[in-house]
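The following paragraphs walk through one chain of a model, from its overall layout down to a single residue. Please keep the sequence and the coordinates open while reading.

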Amino acid sequence: MLHIVNKSATERNSLESCLRMASKGSAVLLIEDAVYAVTQGGVAAAQIQAAMADLQIYALGPDLDARGMSARVLDGVKVVDYGGFVDLVTETNVCQSWL
Amino acid sequence: MSDMMDDMEGGEGVVKKFMFVNRKAPHGTIYALEGLEVVLVSAAFDQDVSMVFADDGVYELIKGMNTKGIEVKDFSKTYRALDGYDIEKLYVEKASMDARGLSEADLIVDVTVLDSAEMANLMAEQDVVISY
């Protein structure tokens with residue numbers, strides 16, 4: 001299962017719900033305002049680090065660049081481009097967008 | 001009504017304290033850009049304008065944005081032009097910066113950092129508060 005989150009973790013609870021309900025071994029791709037969650041020093045950083053024990057965490061590079069956050073990404077988070085986004089979608093049987 | 005006409009014609013109208021409160025991250029929604037455009041419009045009316053950045057709004061001021069990959073306008077540089085419009089009162093809430101691991105050095109413009117109580121006092125002084 002690929003989970004896709006696009007809302008800021010400090011504005012909505014989409015990420016929190018996703019991490020709570022994602023099963024072990026799933027991939028979580030953060031896009032748009034959700035990418036702030038994988039940056040150092042933020043309130044969601046601890047949640048992301050804990051989640052990496054069971055989940056693969058990805059973030060979309062162009063969205064990090066656009067927000068000036070590329071240099072702040074937490075260790076262990078895999079940054080992908082649009083091609084990588086497509087690969088993640090095609091590699092999995094089901095996608096869930098946490099709108 | 002006649003007072004209002006005098007104000008408009010004489011250009012010496014009543015000056016009110018306007019506060020624009022920005023609480024949204026840029027790019028993901030249109031609020032940040034729209035809020036900035038309204039502030040620029042307000043500059044034409046010679047009002048006493050303050051801008052506040054709190055919650056995800058502090059992300060609007062981050063240095064080093066490159067929006068090429070998502071094909072949207074990078075309006076962050078416009079914040080640097082605000083002093084050219086006599087909009088020089090920019091305030092950031094400290095708790096919002098702290099929660100995001102950010103400091104003044106990460107911001108594209110000079111701001112005044114206020115604690116939450118100071119922010120409350122500043123809001124209480126305003127005649128008009130507009131929120132984005």
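Two strands are taken to pair if DSSP finds at least two bridges between them. The model is predicted, and the pairings described below are read from it with that criterion.

By that criterion, chain B contains an open sheet of five strands in the order 4-3-2-1-5, with parallel pairing. Two strands stand at the edges of this sheet, strand 4 (112-114) and strand 5 (128-131) of chain B; each has a single partner strand, so one side of each is left without a neighbour in the sheet. Neighbouring strands are turned by 25° against each other on average, direction ignored.

The C-alpha atoms of chain B fill a box of roughly 50 × 35 × 25 Å along the principal axes. Of the 132 residues in chain B, 31% count as buried. Among the contacts in chain B with a separation of 6 or more, 71% come from residues 24 or more positions apart.

On one side, strand 1 of chain B pairs in the parallel sense with strand 2 of chain B over six bridges. Within that pairing, B:F20 has B:M51 in strand 2 of chain B as its bridge partner. Strand 1 of chain B also pairs in the parallel sense with strand 5 of chain B, here over four bridges. In strand 5 of chain B, B:V129 stands opposite B:M19.

Further along the sheet order, strand 3 (residues 89-93) of chain B pairs with strand 4 of chain B in the parallel sense over three bridges. B:E93 stands opposite B:L114 of strand 4 in chain B.

Together, strand 1, helix 2 and strand 2 of chain B make a right-handed β-α-β unit. Helix 5 (residues 116-124) of chain B lies across strand 1, strand 2, strand 3, strand 4 and strand 5 of chain B, and its direction is at about 140° to strand 3 of chain B.

One residue of helix 2 of chain B can be followed in detail, namely B:Y31. Is B:Y31 buried, exposed or partly exposed? A residue needs 20 or more other C-beta atoms within 10 Å to count as buried, and 12 or fewer to count as exposed. B:Y31 has 18 C-beta neighbours inside 10 Å and therefore counts as partly exposed. Apart from its neighbours within four places in sequence, B:Y31 is in contact with B:K24 and B:Y132. B:Y132 is 101 residues away from B:Y31 along the chain, yet their C-alpha atoms are separated by 5.7 Å.

Finally, there is the contact between the chains. Chain B contributes 18 residues to this contact and chain A contributes 18 residues. On the side of chain B that touches chain A, the residues divide into seven nonpolar, seven polar and four charged.

Methods
Residues numbered from 1 in each chain as written. Chains lettered and ligands numbered in written order. Predicted model: local features only at pLDDT ≥ 70, side-chain atom pairs only at ≥ 80, totals over all residues. Contact = placed C-beta atoms within 7 Å. Axes fitted to C-alpha atoms, helices over the stretch in contact; angles between N-to-C directions. Nonpolar A, V, L, I, M, F, W, Y, C, P; charged D, E, K, R; others polar. Right-handed = clockwise from strand over helix to strand, strands pointing away.
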